[in-house]
Amino acid sequence: MKTRTPILLSALLLFTSSFILHPSSFAASPDLRDILPRGGQRSTEVKVTLTGNFLGDAQEILYYQPGLATKSLKAVDEKKVEAVLTIAPDAKFGEHMLRLRTASGVSYIRTFWVGPFPSVAEVEPNTELSEAQEIGLNVTVEGYANNEDVDYFKINAKKGQRISVETEALRLGAPLNITFDPYIALLLEDGTTLAVSDDTALHRQDAALSILAPKDGTYIVEIRDSAYRGSTAYRYRTHIGTFPRPTAVYPAGAKAGSETEFTFLGDPKGPVKQKIKLPAKADVTEFHSAIVTQDGQSAPSANRIRVTALDNVLEVEPNDELDKATSTDLPLPVAFNGILEKEGDTDYFRFKGTKGQKFRFRAKGHGIYTPVDTTLAVLDAKGKQLAYSDDADGSSDSRLDFTVPADGEYLVRVYDMLKRGGPDFVYRVEATAFDPKLALTMPEQSRRNNQLLKAMVAHQGGRFAAVVNISRQNFRGDVAFEVPNLPPGITFKADIAPASVSNFPVLFEAAPDAPIGGVLTQLKAKVVNDEKLKLDGLYTQQVDLVRGNPNQTLYYTSDNDQIPVAVAEKAPYTVAIEIPKTPILRNGTLALKIKTTRDEGFESDIIVRNLWRPPGISCNSYVRLKKDQPEVDYVFTANGSAELREWKIVVRAEASTPKGTVYVASDLTPLTVADSFVSGKIDLATVEQGSEVKLTCKLEQIRDFEGKAKVELLGLPAKATAEPIEITKGQEEITFAVKTDPGTPKGQHKNLYCMLTVPGKENLSMTHQLAKGGILRVDPPAAPKQAAKPSAPNLQSRAKPANASPATDPEKVAAK
C-alpha cells in the first residue's frame with residue numbers, strides 16, 4: 001500500500017532519486033517544472049497548479065495549439081501559480097504544448113493533455129487484486145505508481161463489449177524527465193490474464209490494448225511500471241472504456257488537400273473505414289492526426305496520416321513475386337503503400353524510369369507508427385538488386401538514393417527484416433526527387449538540453465540575439481529572414497545571409513517603453529537575389545521532452561514551428577561592442593572593445609559570448625567582466641582564407657540575478673574583413689650557438705599601404721633576438737640580423753613568422769602575420785682546430801749532402 005507524499009517532499013525526491021534532470025535545468029527564467037493535473041476533458045474547465053522557480057511575476061500562458069484558453073491565472077508565490085484552463089469542445093485529443101510567460105521571461109515548453117472522458121482520481125488502497133478500485137467505463141484514471149507498486153481497477157462489461165485501455169505515462173514525464181515505462185494488463189476477476197501491453201508501435205513506450213469481453217462480468221485493469229519502479233512523480237493518465245483503438249491506418253498517407261478513404265486496422269471489432277479530407281498543406285510534422293469514431297465513442301488519441309505532395313500507389317494482391325508486382329504508370333515521385341499481412345510476406349512494385357533521373361526512396365514503418373522493420377531494395381526488370389537499405393537515419397526505417405541507369409522498368413521490394421507480418425503491418429515507401437528545400441533550425445546551446453535559449457526574450461530597452469542554422473538542400477543562394485506578428489515595441493533585425501554561410505545571427509530589439517508581453521510567431525526565410533528560384537523556408541524545432549537511463553537516452557520528442565518572442569522588464573545591465581575603426585586583416589588579429597553598464601548595486605559577473613563567427617574568423621568562447629570592470633578586449637583572429645566583406649557580428653551576455661539568469665545582447669555591429677598587405681617566405685638559415693646569422697625573408701606585395709610598415713621576426717627560440725625592420729610598399733626582400741646566445745637551444749626551430757604592422761588613420765594600426773613556417777637551425781659551436789705536432793728526426797734515413805766534409809758528415813760525427 002502506498003502513502004501520499006506531501007508536495008515538498010515529493011519535490012525533494014526528484015533530486016535524491018534516480019530521476020534524470022536536464023543539464024542547466026534552472027537556466028530558464030522563469031523555470032516551470034510541473035503542471036498538475038496533467039490533463040483534462042474536452043468542454044470542461046480544469047484548475048491546474050504550476051510549480052517551479054521564479055514564477056512570482058507570472059502573467060499569461062502561451063499555447064501552441066488551439067483549444068486551450070486561460071480563464072484565470074494567479075501567482076501564489078515564487079514557486080507556485082494557480083490557473084483555470086478552459087478546454088474547447090473541439091480541442092484536439094492528446095498533447096498540447098504551452099509556455100508560462102512572466103514579466104521577466106518565458107519558460108521552457110511543457111505539455112498538457114486533452115482527452116474525451118471525465119477524470120477519476122486513483123484512490124488507495126488499490127494495490128491488491130481484492131482491493132481493486134471500482135470505476136465506470138469511459139473514464140480517464142489519473143494516478144501515480146510508487147516503487148514496487150501495482151494499481152488495480154475494477155470494471156463491469158457485457159459479453160462481446162469492447163474493452164480498451166490506453167495510458168499516457170512516459171509522455172507525461174516531460175517536465176521532470178521521468179522515464180515511466182508503463183505495463184498494463186486486463187484480467188478476469190480471479191486474476192486470469194486476458195491481455196497485456198508494454199511497449200507499442202503506436203505510442204512507443206506507452207501501452208494500449210483492446211479486446212472483446214468473453215463474458216458478462218467483472219474485469220480488472222492492472223497498471224504499473226514495467227520494472228516496478230516508481231514515486232509520486234510516476235504519473236499516468238489511463239483511459240478505460242469501450243472506445244475503438246486501431247493500431248494502424250491504411251494507406252499511411254495521401255496527397256495534401258485530397259479526400260481519401262482510410263481503413264483503420266487492429267481494432268478487435270474489425271477494420272473501420274472513414275473518409276477524411278486532408279489539409280491543403282502539411283504541418284511541421286507532415287502528419288495529420290486522425291481520430292476514429294465508432295458506436296458513439298472516439299479513440300482518446302490519434303492515428304497519424306502522412307500528408308505530402310505525392311500521389312499514392314496502392315498494392316494489389318498478390319504482389320509477392322516479381323512477375324506479380326503491382327505496376328503503375330504514374331511517373332515518380334510517388335508513394336507506394338502496402339501491408340505485410342502474413343509472416344514471410346514480400347511486396348513488389350513496378351515503375352518506369354528515365355536514364356539519369358535521381359530519386360530518394362524512404363521506406364517507413366517505425367516512422368508511421370507501425371510494427372514494420374523495413375528492408376528496402378530497388379531491382380532491375382529481371383530482379384537484379386541495384387540498391388539496398390535496411391536501417392537508416394538512426395531508426396529501423398530504410399533510405400536509399402537511386403539514379404536510373406537506363407530507360408526502362410524497375411522494381412521496389414519491401415519486406416520486414418525479421419520476415420514478420422500481420423494485419424497492421426502497414427508500410428509506406430516515398431520516392432521523392434531531389435528538389436530544392438530550405439529549412440531553419442537553431443543550434444543547441446547545451447548538450448542534451450535543446451530548449452535552452454530558444455525563446456526570444458528582449459528586455460525593455462535591450463536586445464536578444466540568436467543564431468539560425470540554414471539548411472539548403474539542392475541549391476545555393478542568399479537567404480533573407482522575416483518574423484511577422486511581433487509584439488508591440490519589438491523590432492527584428494537581420495542582414496541577408498550570403499550563400500557561403502550555413503548559419504547566421506538574428507536580433508530582436510525592444511524599445512524602452514515597449515509594453516511587457518509576448519506572442520508565439522514564426523521565423524521565416526526566403527531565397528533572394530535569384531529570379532529563377534522562388535523558395536520559402538520555416539523555422540522548426542524538435543523539442544526533446546523526456547530523457548532517462550541509460551546515458552540520458554532520448555525517449556520522447558515533439559515538433560513545432562512556432563517561436564516565442566517577448567518583451568520582459570528592464571535588465572539590470574547592458575552590453576555593447578564598440579564599432580571597430582579598422583578592419584581585421586587576413587592572418588591578423590583585432591581586439592574588439594566590449595563595454596557594459598550596470599544598474600546601481602548590480603555586482604554579478606557578466607559573461608560575454610560571441611554568438612557567431614564569420615567564415616575564417618575565430619575567438620575565445622567567452623570573456624568575463626567582474627563588478628569593477630566596465631569594459632574588456634575580446635580578441636578576434638582571421639585566417640588566410642577569411643571571406644572579404646563587411647559582416648555583422650553580435651555578442652550575448654549572461655548574468656545571475658535574483659530572478660534567475662538574465663540574457664542581453666549587443667546590437668549587430670559591423671566587422672570588415674580585409675586582405676593582407678604583404679605575403680612572404682623565410683629562407684632557411686643556420687647559425688651556431690652564440691653567433692649571428694643573416695636571415696632573409698622574400699616579400700610579395702598584395703595591396704598598397706602608405707608610409708612605412710614595421711616587420712618583426714617572431715617565433716625565435718629562447719635567447720635569440722632580431723631587431724624589427726621598416727619597409728615601404730613594393731619592397732621585395734628584407735634581411736634580419738639574428739643574434740643567438742650560447743644558451744640558445746640547438747636543433748631545428750620551425751615556427752618562425754613575421755608580424756607586419758601598418759599605420760592607419762587616427763594613429764591606429766593594423767597587423768597581420770606573414771611568412772609562417774620559417775626554419776632556423778641552431779648548431780653547437782664547432783670544436784677549435786688543433787696545431788700539428790712536429791715528427792721526431794729519423795737519422796738513419798736522413799740523406800747525406802753530396803759535398804759533406806768529414807768534419808760535417810753527420811754519420812761520422814755520430815760515430816765519433
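Two strands are said to pair if DSSP finds at least two bridges between them. The views below show a predicted model.

**View A. Strand 45 pairs with strand 41 and with strand 46.** Strand 41 (residues 478-482) and strand 45 (residues 524-528) run antiparallel and are joined by five bridges. Within this pair, Asp478 lies opposite Val528 of strand 45. Strand 45 is also linked to strand 46 (residues 536-538), again in the antiparallel sense, through three bridges. Here Ala525 faces Gly537 of strand 46.

**View B. An open sheet is built from three strands in the order 20-22-23.** The pairing in this sheet is antiparallel. Strand 20 (248-250) and strand 23 (272-277) each have a single partner strand and stand at the edges, so one side of each has no neighbour in the sheet. From one strand to the next, the twist averages 35 degrees.

**View C. Strand 22 and strand 23 are paired over six bridges.** Strand 22 covers residues 259-265, and its pairing with strand 23 is antiparallel. Glu261 has Lys275, in strand 23, as its bridge partner.

**View D. The largest cavity contains about 210 Å³ of space.** Its lining consists of 20 residues, of which Ser29, Val106, Ala455, Val457 and Tyr663 are the closest to the centre. At least two lining residues come from each of strand 8 (105-106), strand 39 (456-459) and strand 59 (660-665). Strand 59 supplies the largest share, three residues. By class, the lining comprises 11 nonpolar, seven polar and two charged residues. In total, the structure holds four cavities of 30 Å³ or more.

Key
Residues numbered from 1 in each chain as written. Predicted model: local features only at pLDDT ≥ 70, side-chain atom pairs only at ≥ 80, totals over all residues. Heavy atoms only, no water. Helix = DSSP H or I, 4+ residues; strand = E, 2+ residues; numbered from the N terminus. Axes fitted to C-alpha atoms, helices over the stretch in contact; angles between N-to-C directions. 1 Å grid on protein atoms, 1.4 Å probe; cavity = no way out; pocket = protein on both sides within 12 Å on 5 of 7 lines; lining within 4 Å. Points joined across faces, edges and corners; volume = space filled by probe spheres on them. Nonpolar A, V, L, I, M, F, W, Y, C, P; charged D, E, K, R; others polar.
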